[in-house]
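Here are a few notes to keep beside you as you look at this one for the first time. Please read them with the sequence and the 3D view open.

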Amino acid sequence: MERPEDFRLPSVDQVLRSTVCELASARHGRTATTDAVRAVLARLRDDRASVPLDAVAQRALAALEDADQPSQRPVINLTGTVLHTNLGRALLPDEAVQAVSRAMRQPTNLEYDVESGRRGERDDHVRGLIRELTGAEDAVLVNNNAAAVMLVLNTLAKDREAVVSRGELIEIGGAFRMPDIMARAGARLREVGTTNRTHLRDYADAIGPETGLLMKVHTSNYVVKGFTAEVSATELAGFASQHGLPFVDDLGSGTLVDLARWGLQHERTVQDALGAGADLVTFSGDKLLGGPQAGIVAGRKDLVARLAKNPLKRALRLDKLRLAALEAVLKLYRDPDSLPKRLPTLRLFTRTQIELRALAERLEPKLAGALGSGWAIKPLDLGSQIGSGALPLETMPSAGLSMRPAERASGRAVEDLAAAFRALPLPVIGRIKEGALLFDLRCLEDEAAFTNQLNGLRVGELHASS
Ligand SMILES: *Cc1c(COP(=O)(O)O)cnc(C)c1O
């Protein structure tokens with residue numbers, strides 16, 4: 001019988017001289033390799049384990065390769081939410097990818113007027129396009145829509161009141177709460193009306209010398225139903241203009257095309273909001289627009305000029321990469337008919353249920369093979385969501401697969417299965433509902449990338465529940 005003190009390990013130097021460690025050094029550097037070997041040996045010493053030299057070297061190499069994996073990597077989004085904030089929202093079209101890649105590799109005329117040889121404005125690369133596509137007098141670009149709202153409030157309502165309906169004091173994804181953003185922007189929130197009903201007279205009672213602006217906020221992730229009343233954008237714009245106050249419409253998602261032309265629910269467009277009389281409209285670049293993360297403020301020229309002069313604009317400005325991507329995406333909107341072919345967001349929205357059902361039928365036997373007999377796999381119809389606060393209650397007819405234990409299994413079986421799919425080289429993210437793992441196939445375009453890794457799926461034994 002082996003006594004604990006009998007365990008044998010090679011020295012650090014011996015391991016470093018192995019072929020495997022030569023390879024590791026070439027790839028990851030001498031210092032990192034030495035550190036990795038030391039760490040492996042230290043662990044083995046603690047465990048009092050005898051391990052041959054080659055195995056120690058292999059473990060060190062594996063640890064180095066593991067640490068070298070990019071932290072941010074691709075995943076397969078089968079959640080059924082197309083614009084998933086946690087999964088990076090919109091996918092960019094090739095035109096944008098190429099524009100970004102060019103801008104990364106070379107100096108550009110970001111803030112330089114090539115013709116005159118003088119300093120230029122970075123936003124000029126897209127201002128003209130936004131004017132052309134929306135009819136706005138002018139536009140200014142910032143980091144995201146939260147920043148757009150912040151810049152507007154800080155410029156037009158600092159130390160003054162911003163008047164908003166109680167029914168529109170939204171919270172989006174934890175950190176974005178309208179009242180908090182207002183406070184940070186230095187504006188005082190003046191709530192009017194009640195949660196379910198707000199009338200024009202509520203606004204009339206609230207305005208006075210302290211008022212900086214009137215704001216309407218798109219209730220992106222909920223709907224107030226039942227005994228409700230809100231003041232329309234048109235009415236509010238007319239009222240604001242009568243009193244010489246700016247009216248700001250925070251659209252959130254902000255689309256430039258009527259989604260109804262592709263059978264989707266109509267969502268108020270930027271043009272609609274400007275047409276209704278908004279002085280400024282704020283919206284995101286990476287929601288329905290299908291571009292990079294950005295915040296766009298479009299509207300009255302004099303107000304936009306004030307925003308551009310605010311020192312905060314410098315802190316919130318867009319970088320050259322996202323400006324390049326946004327320019328490429330906006331150009332696609334010059335030919336709306338081609339959008340479902342060229343803009344990934346619309347391509348995903350317009351995939352038909354028939355196409356997705358066929359995909360589910362093709363995948364079912366492959367999943368059955370990978371999961372084994374312990375699982376019941378069923379193609380089924382689902383409803384996908386747009387996500388990111390656009391049309392929260394609307395779903396697009398979709399299809400997918402459900403996986404549940406064939407027999408009564410232990411409580412954690414479905415969670416374990418979801419974890420096994422997340423552990424694949426391209427993590428597959430589904431959702432769990434009523435004891436089943438669901439895959440909505442709307443966002444699965446590379447079928448082979450999904451099926452090719454299924455043989456690596458490590459599904460544990462199912463334990464019957466007692
Ligand atoms: C999403 C959203 C925001 C925040 O936009 P980001 O681009 O995520 O910063 C602000 N307001 C509304 C109404 C929204 O829907």
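**Notes on the model**

1. Residues 8-45 are 82% helix and 0% strand, with the end C-alpha atoms 9 Å apart; helices (H or I, at least four residues) and strands (E, at least two) are DSSP runs, numbered from the N terminus. For residues 8-45, an unreviewed UniProt entry gives the feature "domain: L-seryl-tRNA selenium transferase N-terminal". UniProt positions follow the numbering used here, feature names are shortened, and annotations may be inferred rather than shown by experiment.

2. A word on the basis of these notes. This is a predicted model, where local features need pLDDT of at least 70 and side-chain atom pairs count only at pLDDT 80 or more, while totals for chains, interfaces and linings use all residues. Residues are numbered from 1 along each chain as its sequence is written, and side-chain values use heavy atoms, leaving out hydrogens and water.

3. Next, the domains. The protein chain is assigned domain 1 (4-67), domain 2 (76-84 + 348-456) and domain 3 (94-342), with bounds from an automatic or database domain assignment. The centres of domain 1 and domain 2, taken over C-alpha atoms, are separated by 40 Å.

4. Now look at helix α2 (residues 19-28) and helix α4 (residues 53-68), whose axes come within 9 Å and cross at roughly 20 degrees. Axes are lines fitted to C-alpha atoms, for helices over the stretch in contact, and angles run from 0 to 180 degrees between N-to-C directions. α2 is therefore roughly parallel to α4 (under 35 degrees; over 145 is roughly antiparallel, 65 to 115 roughly perpendicular, the rest oblique). Their contact (heavy atoms within 4.5 Å) includes Val 20, Cys 21 and Leu 23 of α2 and Ala 57, Gln 58 and Leu 61 of α4. By class, the contact of α2 with α4 has seven nonpolar, two polar and three charged residues. Here Ala, Val, Leu, Ile, Met, Phe, Trp, Tyr, Cys and Pro count as nonpolar, Asp, Glu, Lys and Arg as charged, and the others, Gly among them, as polar.

5. Helix α5 (residues 94-105) packs with helix α14 (residues 320-332) at an angle of about 150 degrees, their axes 8 Å apart. The two are therefore roughly antiparallel. In the contact of α5 with α14 there are 11 nonpolar, no polar and two charged residues.

6. How do helix α7 (residues 145-156) and helix α12 (residues 301-309) pack, and at what angle? The angle is about 100 degrees, with the axes 9 Å apart, which means α7 is roughly perpendicular to α12. Leu 151, Val 152, Thr 155 and Leu 156 in α7 meet Leu 303, Arg 306 and Leu 307 in α12.
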